[in-house]
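Here's a quick briefing to read alongside the structure.

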Amino acid sequence: MMLRVADAAAFGIEPDTGGDVTERIREFIRHGLANGVQEFRFTRGQYEIADEGALRDFHAFMGGEGAWDLGENTDRKHIFLQFEGFERIVLDFQHSTLRFHGLIQPFSFKDCKEIVIRNVR
């Protein structure tokens, strides 16, 4: 079975810019999933992942306020990419570095059958 593949660079997402690409990556994946894409490829480099709420929570946590929920409840967490109910998804970061800023859970998968995350640091 041939996977439908999408390239982040073709969607205008480039590494090593120093800018936050969080929402752009989310849009890329949402758009791809809506169009039947199952494999997402990223150009090798460094991607900055940030979220204002995650940064605020990080500073509060470091100041002795609040706690970081390590449980399964995702309602109050800052999650970079959330997937629910998918048969197959491949995220190929081509040996890229994802640099997270703040208290962010990188991924959440619920009721998915086959998830492959490869070549990420």
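Glu-23 and Arg-26 pair up in a salt bridge, with their closest N and O atoms 2.5 Å apart; the term covers a side-chain nitrogen of Lys or Arg within 4 Å of a carboxyl oxygen of Asp or Glu. Keep in mind that this is a predicted model, where local features need pLDDT of at least 70, side-chain atom pairs count only at pLDDT 80 or more, and totals for chains, interfaces and linings use all residues. Residues are numbered from 1 along each chain as its sequence is written, and side-chain values use heavy atoms, with hydrogens and water left out.

**Salt bridges**

- Glu-23 and Arg-26 sit three residues apart in helix α1, so about one helical turn separates them.
- Glu-23 is partly exposed at 41% relative accessible area, while Arg-26 is buried at 15%; buried means under 20%, exposed over 50%, and partly exposed in between (1.4 Å probe, protein chains only).
- Arg-30 also forms a salt bridge with Glu-23, this time with the closest N and O atoms 3.8 Å apart.
- Elsewhere, Glu-114 meets Arg-88 in a salt bridge at 2.3 Å, N to O.
- That pair ties together distant parts of the chain, with Glu-114 in strand β7 (residues 114–120) and Arg-88 in strand β5, 26 residues apart.
- Glu-114 is partly exposed, at 38% relative accessible area.
- Shared partners join Glu-23, Arg-26 and Arg-30 into one salt-bridge network.
- The count of salt bridges comes to seven.

**Nonpolar core**

- The largest nonpolar core has 21 residues, and Ile-25, Ile-29, Phe-40, Phe-42 and Leu-91 have the most contacts inside it.
- Such a core is a set of buried Ala, Val, Leu, Ile, Met, Phe, Trp, Tyr and Cys residues joined through side-chain atoms within 4.5 Å.
- At least two core residues come from each of α1 (22–34), β3 (46–50), β4 (79–84) and β5 (88–101).
- β5 gives the largest share, four residues.
- Leaving out residues up to four places away in sequence, Leu-91 touches (heavy atoms within 4.5 Å) Ile-29, Phe-40, Leu-81, Phe-83, Phe-107, Val-116, Ile-117 and Arg-118.

**Whole chain**

- There are two helices and seven strands, taken as DSSP runs (H or I, at least four residues, for helices; E, at least two, for strands) numbered from the N terminus.
- Their order from the N terminus is β-α-β-β-α-β-β-β-β.
- Of the 121 residues, 36% count as buried.
- Among contacts between residues at least 6 apart in sequence, 80% join residues at least 24 apart.
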